[in-house]
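This report looks at charged pairs and at nonpolar packing. Please view the sequence and the model together while reading.

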Amino acid sequence: MQEPSKTPTALPRRAVLVGLAAAAPVAAIASLPTAATATTATRLDGTKVSPELRDLVRTLQDADEALTAAQATFDAEYGLYQEWLKQNPEPTGKSRRAMRQWDLRQEKYIEGSSFHSAQAAQMDAVRAHEAACKAIAEYRARDMNELVHIACLACVFEDGGKPHRGRAFISRGVALDLALWGTTSA
């Protein structure tokens with residue numbers, strides 16, 4: 001019995017898919033102006049960005065500031081919780097009673113702290129930040145100037161070194177615009 005990937009119909013389809021996947025980015029990159037041919041018309045100009053994109057950027061900036069604040073609050077609460085754990089280590093024996101007592105003390109500590117509210121605020125801020133990034137990713141750039149602005153946003157707001165900012169929604173939107181431009185101009 002032949003392997004499915006070596007059947008006569010699978011090879012041409014795979015070759016077509018590979019060809020399509022390679023052609024779109026190459027065509028898009030070929031359509032970009034080179035540094036030597038760039039004119040003042042193709043240089044970055046913030047005054048030519050649409051009001052819709054400006055509003056999306058403001059929303060993203062606000063969401064990023066809120067996420068930074070919520071993350072700092074959660075980190076402080078988590079640090080306090082870690083200190084509590086150092087002072088109240090979990091029982092190591094097999095005593096169920098000791099474990100139940102420790103669980104009750106831990107539950108009492110967490111209920112008396114702001115841990116859960118800080119965690120909820122952090123997760124709300126993460127969702128708002130992701131929604132703002134997705135909104136920019138779904139925005140289709142009108143021209144190269146806007147596309148470059150959006151690419152810059154990806155560099156600033158999709159920093160994988162910051163907590164909860166590693167998902168590349170904006171970068172994917174830029175890649176989609178390049179692919180669309182490359183396939184429609186051909």
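How many salt bridges does a search of the whole structure find? The search finds five, a salt bridge being a side-chain nitrogen of Lys or Arg within 4 Å of a carboxyl oxygen of Asp or Glu. The model is predicted, so local features need pLDDT of at least 70 and side-chain atom pairs count only at pLDDT 80 or more, while totals for chains, interfaces and linings use all residues. Residues are numbered from 1 along each chain as its sequence is written, and side-chain values use heavy atoms, with hydrogens and water left out.

**Salt bridges**

Side chains of opposite charge can pair when their charged atoms come close. The table lists some of the pairs.

| Pair | N to O distance |
|---|---|
| Glu-83 and Lys-86 | 3.7 Å |
| Asp-124 and Arg-127 | 2.6 Å |
| Glu-146 and Arg-142 | 3.0 Å |

Helices here are DSSP runs of H or I with at least four residues, numbered from the N terminus. Glu-83 and Lys-86 are three residues apart in helix 2 (residues 51-87), which puts about one helical turn between them. In helix 4 (residues 115-138), Asp-124 and Arg-127 are also three residues apart, again about one helical turn.

Glu-83 is partly exposed at 40%, whereas Lys-86 is exposed at 64%. Asp-124 is partly exposed at 46%, and Arg-127 is partly exposed at 49%.

**Nonpolar cores**

A nonpolar core is a set of buried Ala, Val, Leu, Ile, Met, Phe, Trp, Tyr and Cys residues joined through side-chain atoms within 4.5 Å. The largest one has 19 residues, and those with the most contacts inside it are Leu-53, Leu-60, Ile-136, Ile-150, Leu-153 and Ile-170. Two or more residues of this core come from each of helix 2, helix 4, helix 5 (144-157) and helix 6 (169-184). Helix 5 gives the largest share, five residues.

Which residues does Ile-136 touch, leaving aside its neighbours within four places in sequence? Ile-136 is in contact (heavy atoms within 4.5 Å) with Leu-56, Val-57, Leu-60, Ile-150, Leu-153 and Ile-170.

Technical notes. Buried means under 20% relative accessible area, exposed over 50%, partly exposed in between (1.4 Å probe, protein chains only).
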